[in-house]
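Have the sequence open alongside the coordinates while you read.

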Amino acid sequence: MWNTINIFLKAVDDFVWGVPLMVLIMAGGIMLTVRLGLLQMRKLHLALKWMVKNEEGGDGEITSFGALCTALSATIGTGNIVGVATAVGAGGPGALFWMVLAAFFGMATKYSEGLLAVKYRVIGKDGHSLGGPFYYIEQGMGTKWKWLAKIFAFFGVCVGLFGIGTFSQVNGISSAVNNFFDPNNQHTVKVLPFLGEYSWSVVIASLVLAFCVAAVLIGGVKRIASVSQIIVPFMAVIYIVFVLVLVVCNITAVPAAFATIVKAAFSPKAITGGAVGSFLVAMQKGVARGIFSNEAGLGSAPIAAAAAQTKEPVRQGLVSMTGTFIDTIVICTLTGLSIVLTGAWQVDGLEGVQVTTYAFQNGLPLPKELSAFVLMLCLVFFAFTTILGWDYYSERCLEYLSGGRMKYVKVYRWIYILAVFIGPYMTVSAVWTIADIFNGLMALPNMIALFALSGVVVKETKHFFERHRNGEIED
């Protein structure tokens, strides 16, 4: 029976995350890029400047940079380390080219999401902000579309609780800790009679993680943002520095690596000999991983953008856009380049994090144990901040669904913390598949709204930059 259920769920997952959804998200990004006149290229310098220069006098709960870090906390996760390795392993080096291309168009999508989130957000008397796809669907498209907004919010709660926010990230953390401290499971303990034996490293990791998550979440969005503003930039910089060192140490091989990536994007067999992927597989794996990693089109990041202290929707849209640039075009590209440079993708028997670990251990001029430790540390902190970010997303979705009844949100928060605690012991494959399905289904109502409201995005953008040129808005 369970086997039949798993087969059914896998079929649904393949359908939801099949070519139609990826085409819809890519088409939306291309359409917005054209209508906005390549805004992600023309205004990137402004976006990067405003990313760290907070606006004064705007409504909202947290700074623009805090909102960006909250969004990045959810997007920069295990996908940047493990997901890239999986994509390159399945689709060859060419998958990296398509990943970056998807991110380029995704920047226009993320810009539009951030703009609409601020334009249609609701600010309560206490300064509490609520916004995102559910509000720009309801207020932008009209109340007759409220059912679509509720569908998005429902899927958002499910994604946060059943997978991306909890089980998948917690499993990633416990696995990374276990592989480093007790890879052979020599020190085990029986937690509960029905759970079996687990390494002490897993048990300790689950307890410490649950405590840390609870300590942050109980403080609400302001504490999530303050923690994210410290951890996300710090760990991102550490990871980028180590990968840059790897690239510099192998600088003579960089031109050939780029040539391999571009050539494999269009003629994989010339690179892989037909052993890995094909043109369509390279494209599919790269585009899918790009979407998974930066979440452009899924509608999650605008929930954080709506909390930003700003009075200019366009300005926050530009700041939100930098999230996709940092997540995929910078971090994912560096990860993929390190894998190609070191030939890690060609080593038999390696998969997932093992591929990236091999690249670090063989590409850095450091002892292998230290390289593995650095990667484990980055994985743990990236996954930890993802847990925090997705709690915020799912709480806002539940707040919308419940009509602002915060008592439900507070109960949900403790259930979320419990899910984090039991995460390392959840091994049912159906849980992962269900989470994957809900994640894909979030994108459908959001992309419908982006197509419907693209005219609003263009109009707001033109008006803003007219005022900017006239000196009404400072750089």
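Predicted model: local features only at pLDDT ≥ 70, side-chain atom pairs only at ≥ 80, totals over all residues.

**A loop residue with positive phi**

Let's start with L38, which sits in the loop between helix 2 (19–35) and helix 3 (39–42). Its phi is near 55 degrees, a positive value in a residue that isn't glycine. L38 is partly exposed, since its relative accessible area of 38% falls between the 20% and 50% cut-offs.

**A nonpolar surface patch**

Next, which residues form the nonpolar patch on the surface? They're F181, L370, F373 and L377, and together they have about 340 Å² of accessible area. Helix 19 (residues 368–401) gives the most to this patch, with 3 residues.

**A buried helix position**

T109 is placed in helix 7 (residues 94–119). Is T109 buried or exposed? At 1% relative accessibility, T109 counts as buried because that value is under 20%. Setting aside neighbours within four places in sequence, T109 is in contact with G28, G29 and L32, as well as A296, G297 and L450.

Here are the accessibility values side by side:

| Residue | Relative accessibility | Class |
|---|---|---|
| L38 | 38% | partly exposed |
| T109 | 1% | buried |

Definitions and conventions
Residues numbered from 1 in each chain as written. Heavy atoms only, no water. Helix = DSSP H or I, 4+ residues; strand = E, 2+ residues; numbered from the N terminus. Buried < 20%, exposed > 50% of the residue type's maximum accessible area, 1.4 Å probe, protein only. Patch = residues over 30% accessible without salt bridge, like charges linked within 9 Å, V, L, I, M, F, W, Y side chains within 5 Å. Areas by Shrake-Rupley, 256 points an atom, 1.4 Å probe, with all protein chains shown as cover. Salt bridge = Lys/Arg side-chain N within 4 Å of Asp/Glu carboxyl O. Contact = heavy atoms within 4.5 Å.
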